[in-house]
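Subject: Handover of a structure

Dear colleague,

Please find below the sequence and the structure that I am handing over to you. A summary of the findings follows it.

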Amino acid sequence: IAVVFAIIAVLQGSSFRIPRAAWGSFAGQAFATLVISVSYLASVQFIPVGLAAIIFFTFPVIIVLVSPLVEGHLPSFWRIMVVIAAFMGLVIAMGTGFGGLDFRGVGLAALSSAGGVLQFFTGRAISTHLTPAVFGSIVHAVIWPATLAVALYAGDGTLQLVSGSDGTIAGLYFLVGVAVVYVAAYMLQMLSLRFAPASIVAPFYNIEPILTALCAALLFGEVLSPGQYAGGGIVVVALVASSLLGSREART
């Protein structure tokens with residue numbers, strides 16, 4: 001991922017020098033990306049995916065609530081209501097059937113949510129100094145040793161890409177596909193933060209788990225419940241309302 005971003009940056013003719021004024025936001029971006037990469041995925045080892053997703057996706061609500069302190073503007077009453085509605089729709093869509101609550105998983109998911117908040121605000125700040133390709137490349141190069149250390153600690157001390165079992169090559173193809181999608185998603189996320197505050201961009205991330213559920217239904221035949229469809233509909237309506245509010249605020 002770091003290499004791909006570096007190639008994009010070179011093709012754009014960008015400099016890899018980090019200005020002194022950007023060091024703080026760069027450090028925050030690297031730390032936040034590492035926290036999300038590790039803690040969100042680790043949380044599902046202890047708690048259900050649905051609960052982890054609900055805890056993680058509290059970050060758009062937190063961003064809207066703390067944005068006056070960071071961005072120097074007060075979100076409107078209706079924008080706060082829209083964000084809360086989107087989160088409640090997410091809760092309804094993901095369901096509440098959580099057995100065996102493990103606070104290790106809850107803590108890791110909450111930590112990843114805090115990382116999401118930090119990643120958005122620092123991404124907005126650093127994008128005024130560097131292009132997403134440049135700081136995306138350096139960020140992922142910096143966190144690679146720590147990510148490798150976690151992988152070694154969580155595993156058996158060895159690294160294996162191909163184990164010789166059936167289906168491994170197909171799994172490797174999917175791994176490459178995930179990497180490609182991640183590069184595009186990270187790039188688009190940081191580009192969006194160059195043109196809009198985090199408090200406007202973040203609520204749209206509530207649609208991510210809804211799309212995940214729909215893809216699971218289409219690709220793997222996982223049937224959605226009426227509650228999931230209802231919750232997804234609430235999220236979509238809330239996001240449309242957020243977009244309309246953003247357009248009205250831009251005109252005024």
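**Helix packing**

Helix α2 (residues 23-43) packs against helix α6 (residues 103-126) at an angle of about 150°, and their axes are 7 Å apart. Because angles over 145 degrees count as roughly antiparallel, under 35 as roughly parallel, 65 to 115 as roughly perpendicular and the rest as oblique, α2 is roughly antiparallel to α6. The axes here are lines fitted to C-alpha atoms, for helices over the stretch in contact, and the angles run from 0 to 180 degrees between N-to-C directions. Helices (H or I, at least four residues) and strands (E, at least two) are DSSP runs, numbered from the N terminus.

The crossing of α2 and α6 is left-handed; that term applies if the near helix is turned anticlockwise from the far one by less than a right angle, and right-handed applies if it is turned clockwise. The contact of α2 with α6 comprises 13 nonpolar, 13 polar and no charged residues. In this classification Ala, Val, Leu, Ile, Met, Phe, Trp, Tyr, Cys and Pro count as nonpolar, Asp, Glu, Lys and Arg as charged, and the others, Gly among them, as polar.

Please note that this is a predicted model, in which local features need pLDDT of at least 70 and side-chain atom pairs count only at pLDDT 80 or more, while totals for chains, interfaces and linings use all residues. Residues are numbered from 1 along each chain as its sequence is written, and side-chain values use heavy atoms, with hydrogens and water left out.

**Helix α3 and its partners**

Helix α3 (residues 49-56) also packs against α2: their axes come within 9 Å and cross at roughly 140°. On the α2 side the contact (heavy atoms within 4.5 Å) is made by Ile36, Tyr40 and Ser43, and on the α3 side by Ala52, Ala53 and Phe56.

The contact of α3 with α6 divides into 6 nonpolar, 2 polar and no charged residues.

Helix α3 is largely enclosed by the rest of the structure, because 7 of its 8 residues are buried. Buried means under 20% relative accessible area, exposed over 50% and partly exposed in between (1.4 Å probe, protein chains only). The buried residues of α3 are Gly50, Leu51, Ala52, Ala53, Ile54, Ile55 and Phe56.

**Individual residues**

Glutamine 189 lies in helix α8 (residues 168-195) and is buried, with a relative accessible area of 8%. Its side chain is joined to that of glutamine 119 by a polar contact of 3.3 Å. A polar contact is a pair of N or O atoms within 3.5 Å; within protein, one must be able to donate a hydrogen and the other to accept it, and residues adjacent in sequence count only if both atoms are side-chain atoms. Neighbours within four places in sequence aside, glutamine 189 is in contact with Gln119, Phe120 and Tyr205.

Serine 137 belongs to helix α7 (residues 132-154) and counts as buried at 7% relative accessibility. The side chain of serine 137 reaches the backbone oxygen of alanine 2 at 2.9 Å. Not counting residues up to four places away in sequence, serine 137 touches Ala2, Phe5, Ala6, Phe16 and Pro132.

Glycine 89, in helix α5 (residues 77-94), is buried with a relative accessible area of 0%. Leaving aside neighbours within four places in sequence, glycine 89 is in contact with Gly231, Gly232, Ile234 and Val235. Glycine 89 and asparagine 206 are 117 residues apart in sequence and 8.9 Å apart in space, C-alpha to C-alpha.

**The protein as a whole**

The protein has 11 helices and 0 strands. Of its 252 residues, 37% are buried. Among contacts between residues at least 6 apart in sequence, 86% join residues at least 24 apart.

Yours sincerely
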